[in-house]
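Work through the exercises below with the sequence and coordinates open. Each task is followed by a stepwise solution.

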Amino acid sequence: MDAQTTIQPLRIDAWLAQFQDIECKTNDTIVGITCWYTFG
Amino acid sequence: MKASKTYSRKVYISTNSTCNLNCKYCFENEKVKFEFNIDEALNILLEQLSTQTIYGTQISLRGGEPFMVFHKIKHLCESLWSQDIKEYYHIHITTNGTLIHGDIQKWLSSNRDKITLKLSLDGDRKSSEINRPKSFDLIDFHFLLNTWPEMKVNTTITAETLPYLAENIKFINSLGFKHITPHFSIMTDWKNCNLGNTLYKQLQELHNFYLKNPDIEPCSFFLSDISCTLNDKSCHQACNSGEMKAYDMQTRKYYPCYMCFPSIGGEKIAEEFKKLDFTNLEELEEYPCKACTFLNLCITCYAENYITRGSLSRRDMSLCKYQKIVFAVLFNFEYNRILSLTNPSPNDVLKMMAIKKHYKEIENILKEELQITSQVEVNT
């Protein structure tokens with residue numbers, strides 16, 4: 001599979017429409033990625 | 001107390017400044033050779049462990065190369081284990097692996113449930129020879145993986161080894177290591193390296209490799225949770241700097257993180273660190289990073305920012321181009337991975353929403369940084 005020419009916006013919309021019933025919401029608990037020195 | 005991947009408290013102890021290797025990217029300023037004092041370290045640890053936490057304490061012993069002072073580490077650990085301590089704790093040691101033979105192996109093997117090692121390994125023999133000469137053949141990979149099948153590996157990328165990134169990650173995988181964290185060498189000037197297209201090619205190779213081999217855990221470049229880019233404001237955890245206790249045995253002082261030790265940035269900077277507020281980084285973020293879509297994905301070392309550029313949030317802009325290329329390939333990887341799922345999780349849906357929100361910026365990154373124009377197909 002080629003990494004280029006893959007992201008297709010309409011395909012995203014179609015995909016999201018399939019899973020619109022899945023409950024998900026963003027909130028402030030989503031945290032960013034942190035320093036590799038101190039984690040893991 | 002149940003062991004947890006995330007500890008409530010992390011205590012760093014500097015064991016020694018000496019190392020048996022001469023890595024080209026080492027940022028330790030080894031002007032003074034020192035080894036820790038066992039009684040002093042024991043007292044520090046007993047003091048820290050005297051209060052109980054919910055998820056326990058991670059004790060990290062770090063050098064130099066800690067196994068240069070194996071006899072002292074052994075003494076310290078056995079003294080600690082002989083104490084009646086209610087707090088759950090576990091000892092972590094990051095090592096180059098080259099000294100782990102004979103008696104050290106025997107001792108580690110018999111204490112594998114109380115100690116975990118993390119290995120620094122930059123790739124195959126060729127790349128190891130470039131970054132850290134005369135190290136590769138001294139590492140007993142068989143012992144390490146037999147003792148800790150889940151051992152984590154840190155892989156430092158330098159300008160000289162970046163062209164072999166995919167080969168190196170796949171090689172480390174082939175040895176049997178499952179958890180690989182590559183990172184660009186810090187305190188390095190990446191500005192004039194002109195390796196954007198090379199990095200993209202390497203990451204594409206890994207992208208394809210991971211899609212074809214879904215049972216292999218991707219390296220950490222491909223594991224970042226892109227849903228955090230849905231948050232418009234900075235939501236970085238402060239890399240735990242504010243919660244961490246790092247005790248420098250050389251100066252006999254606590255610092256927010258071991259990267260603040262005087263042996264790295266000098267004594268004056270180390271003192272300034274103590275006055276800084278690591279707990280509210282959102283207020284500290286600076287432009288242009290503050291306005292960047294990928295801020296919450298962008299791994300940075302705040303201490304290195306301060307040491308090198310005089311501000312906690314002043315990231316290394318010479319690395320910005322490379323970080324963005326990593327994010328572009330990560331978004332592409334997640335898009336392809338998630339599309340193939342029949343039962344996506346709520347987090348996968350969030351990730352796809354993030355891809356929808358940012359695909360134009362991904363396209364721009366590839367146009368601006370790599371002059372690639374065919375990444376995104378807009379169906380009309």
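The exercises cover a helix pair, a cavity and a pocket in a predicted model.

**Exercise 1.** Classify the packing of helix α2 (residues 70-81) of chain B against helix α3 (residues 102-110) of chain B.

Solution.
1. The axes of α2(B) and α3(B) lie 11 Å apart, and the helices pack at an angle of about 20 degrees.
2. Angles under 35 degrees count as roughly parallel, so α2(B) and α3(B) are roughly parallel to each other.
3. The crossing of α2(B) past α3(B) is left-handed.
4. On the α2(B) side, the contact is made by F70(B), I73(B), K74(B), C77(B), E78(B) and W81(B); α3(B) contributes D103(B), I104(B) and W107(B).
5. Six of these contact residues are nonpolar, three are charged and none is polar.

**Exercise 2.** Describe the largest cavity by volume and lining.

Solution.
1. Searching the whole structure gives two cavities of 30 Å³ or more.
2. The largest cavity has a volume of about 50 Å³.
3. Its lining residues include S14(B), E28(B), R62(B), Q250(B) and F261(B).
4. The lining of the largest cavity divides into seven polar, two nonpolar and two charged residues.

**Exercise 3.** Determine which helix gives the most to the lining of the second largest pocket.

Solution.
1. The second largest pocket has a volume of about 300 Å³.
2. Of its 18 lining residues, Y210(B), P214(B), P218(B), F333(B) and R337(B) lie nearest the centre.
3. At least two lining residues each come from α7 (196-212) and α12 (320-339) of chain B.
4. α12(B) gives the most, with five residues.
5. By class, the lining of this pocket has 10 nonpolar, four polar and four charged residues.

How values were computed
Residues numbered from 1 in each chain as written. Chains lettered and ligands numbered in written order. Predicted model: local features only at pLDDT ≥ 70, side-chain atom pairs only at ≥ 80, totals over all residues. Heavy atoms only, no water. Axes fitted to C-alpha atoms, helices over the stretch in contact; angles between N-to-C directions. Helix = DSSP H or I, 4+ residues; strand = E, 2+ residues; numbered from the N terminus. Parallel < 35°, antiparallel > 145°, perpendicular 65-115°, else oblique. Left-handed = near helix turned anticlockwise from the far one by under 90°. Contact = heavy atoms within 4.5 Å. Nonpolar A, V, L, I, M, F, W, Y, C, P; charged D, E, K, R; others polar. 1 Å grid on protein atoms, 1.4 Å probe; cavity = no way out; pocket = protein on both sides within 12 Å on 5 of 7 lines; lining within 4 Å. Points joined across faces, edges and corners; volume = space filled by probe spheres on them.
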